[in-house]
Amino acid sequence: MSLDQVIVNCLRNKNWISVLLLRSMDLFQPVLVESSNVFHLIEVSRNGIIWHEKNVEYRIMMDDFFDISTRTHVGDVPVTLVEMKGNHVSFGLYLHRIRYSILDALTVYVELGELPMRISPYHSCSLHCSNCTNEIIGQRQYYHIQEVPITTVLPQIYFCPRNRIPVYPSEEELYYGLNYLVVCTEILGNGVETIAGRRRVLCSRCKKCLGEFITRDVGVQLYADALRFVTLDSPLEFKEIFDHVTPTQIMMRLVNDGENSGPDQRRLFLKAVRPDGQLQLLHLELDTKQMHILRSELKMPDSVKPNVSLPMETDTSSESDVDMNDSDTSSNYSMLQTGDEEIPPTPRSTTPRGTPTKTVQYVRLRGYRGWRVRYLYSGSDQDLIDHDEVYMNWTYEKTRLFYISHLMMADLLCELNANENLVASLEKKPLPTGSDNPRQSCIICESDKEFYARQERFARISPE
């Protein structure tokens, strides 16, 4: 199978959709398209699209969401802006109607999940520097471990609220958030030292920055990626504080602290430090009007057997397999009604005698939310120098700098880089190049289960 995934960009309150057919990511799969003009491989029906391969016919069903226009006001087939970049095909379609209630009902809703904290309230542990294993906090048991009650990467918002009494964590309490812990200042051991007016906390041995004191010294915020914990039953095993957090969950937490930079715009300024000490900065500008993406299932079935036998390619009744009756022909848009029911179906190519019948694959779509993102990444000293003006402008405008782990930074960059070509194809923009200008991409909200299934599939089909 060469058609790997179907992605549709749905613009709210617009009578237009962009369709992207992603060809197989498996380098060992053959490319089945032999036509030099991909326009002739696309058929449009009121309730879906047919994509023809050499011996495979994909029927992409959209009747749950849209009524597709099958003729323009001048009688042309409304498939526009057909492009083939590499093996991927993109094109646009006009719509008669969008069923918003069904579209929203069939859209995946991702809830904010719990952070995968690994420290248990039932066992004592010690905290150590991740760089040199110096002991930061000695063996102790935290009887009360909980996530900071509000979703924020700025714990001082909860512990030092304006015009309210500060919240002081006790010695038995441990609070946590995205890549940080908050504990009582009194339990810090001799393995730390402070600088900058007792604001920053450093490892006394390797001088690695481990965190900072919260305003009024109500507690100390420690960076989770700068620490490891050790339990009594495994004294030689230095464990990470958190298990993996997906890019969707990272963004859902970060976006709450984003600063408004214009109508429907927020900006985020992220910082991470690699284990080798390299500073990384990521400038993000998010469109808060979430994009709406329709996407096929992660893995299409190798074969689909309908309830009835499939007709031969020469049998014209097979067109009824895609066309479905819908009595509602009203339109909420300015598209001219042309009476689609009176237009004969588009002629289909016949299969020469003696060749095998085409295999028919039915493709269903699901809805996903997401954010359009403009981003600028600085991952080396030269990048930091080249992007210094942007850094200085954001600093001058007092944009807050949020600290995340280098693994979180890597995951976000992987998603942004992977979706750059997707956005360029859907929005008919030039493919991204290695320029110093901000790049366009997106983050698609998906469940943890879908994310890990997708990663497992990438690892399985990648050449060794």
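Rings of Phe, Tyr and Trp, the last represented by its six-membered ring, are paired if their centres lie within 6.5 Å; planes over 60 degrees apart make a pair edge-to-face. The model examined here is predicted. A search of the whole structure finds 10 aromatic pairs.

One of these pairs joins Phe 269 and Trp 394. The ring centres of Phe 269 and Trp 394 are 5.6 Å apart and the planes meet at 80 degrees, so this pair is edge-to-face. Phe 269 belongs to strand 21 (residues 265–273) and Trp 394 to helix 5 (residues 388–396), so the pair ties together parts that are 125 residues apart in sequence. Residues under 20% relative accessible area are classed as buried. Phe 269 is therefore buried, at 1%, and Trp 394 is buried as well, at 6%.

A second pair to look at is that of Phe 451 and Tyr 452. Here the centres are 5.3 Å apart and the planes stand at 75 degrees, so the rings of Phe 451 and Tyr 452 are also edge-to-face. Phe 451 has a relative accessible area of 6% and is therefore buried. Tyr 452, with 37% relative accessibility, counts as partly exposed. Elsewhere, ring pairs link Tyr 158, Phe 159 and Tyr 175 into a cluster.

The next topic is helix packing. Two packed helices are described by the angle between their axes and the distance between the axes. Helix 3 (residues 247–254) packs against helix 6 (residues 406–426) at an angle of about 105 degrees, and their axes are 9 Å apart. Because angles of 65 to 115 degrees count as roughly perpendicular, helix 3 is roughly perpendicular to helix 6. On the side of helix 3, the contact is made by Pro 247, Ile 250, Met 251 and Leu 254. Helix 6 contributes Met 408, Asp 411, Leu 412 and Glu 415. By class, this contact has six nonpolar residues, two charged residues and no polar ones.

These details can now be set against the whole chain. There are seven helices and 26 strands in the chain. Of its 464 residues, 48% count as buried. Among contacts with a separation of 6 or more, 70% are between residues 24 or more positions apart. The accessible surface of the chain comes to about 23400 Å², and carbon and sulfur atoms account for 50% of that surface.

Technical notes. Residues are numbered from 1 along each chain as its sequence is written. This is a predicted model: local features need pLDDT of at least 70, side-chain atom pairs count only at pLDDT 80 or more; totals for chains, interfaces and linings use all residues. Side-chain values use heavy atoms; hydrogens and water are left out. Helices (H or I, at least four residues) and strands (E, at least two) are DSSP runs, numbered from the N terminus. Buried means under 20% relative accessible area, exposed over 50%, partly exposed in between (1.4 Å probe, protein chains only). Contact means heavy atoms within 4.5 Å. Accessible areas come from the Shrake-Rupley method with a 1.4 Å probe; for residues, only the protein chains shown count as cover. Axes are lines fitted to C-alpha atoms, for helices over the stretch in contact, and angles run from 0 to 180 degrees between N-to-C directions. Angles under 35 degrees count as roughly parallel, over 145 as roughly antiparallel, 65 to 115 as roughly perpendicular and the rest as oblique. Ala, Val, Leu, Ile, Met, Phe, Trp, Tyr, Cys and Pro count as nonpolar, Asp, Glu, Lys and Arg as charged, and the others, Gly among them, as polar. Rings of Phe, Tyr and Trp (its six-membered ring) pair if their centres lie within 6.5 Å; planes under 30 degrees apart count as stacked, over 60 as edge-to-face and the rest as tilted.
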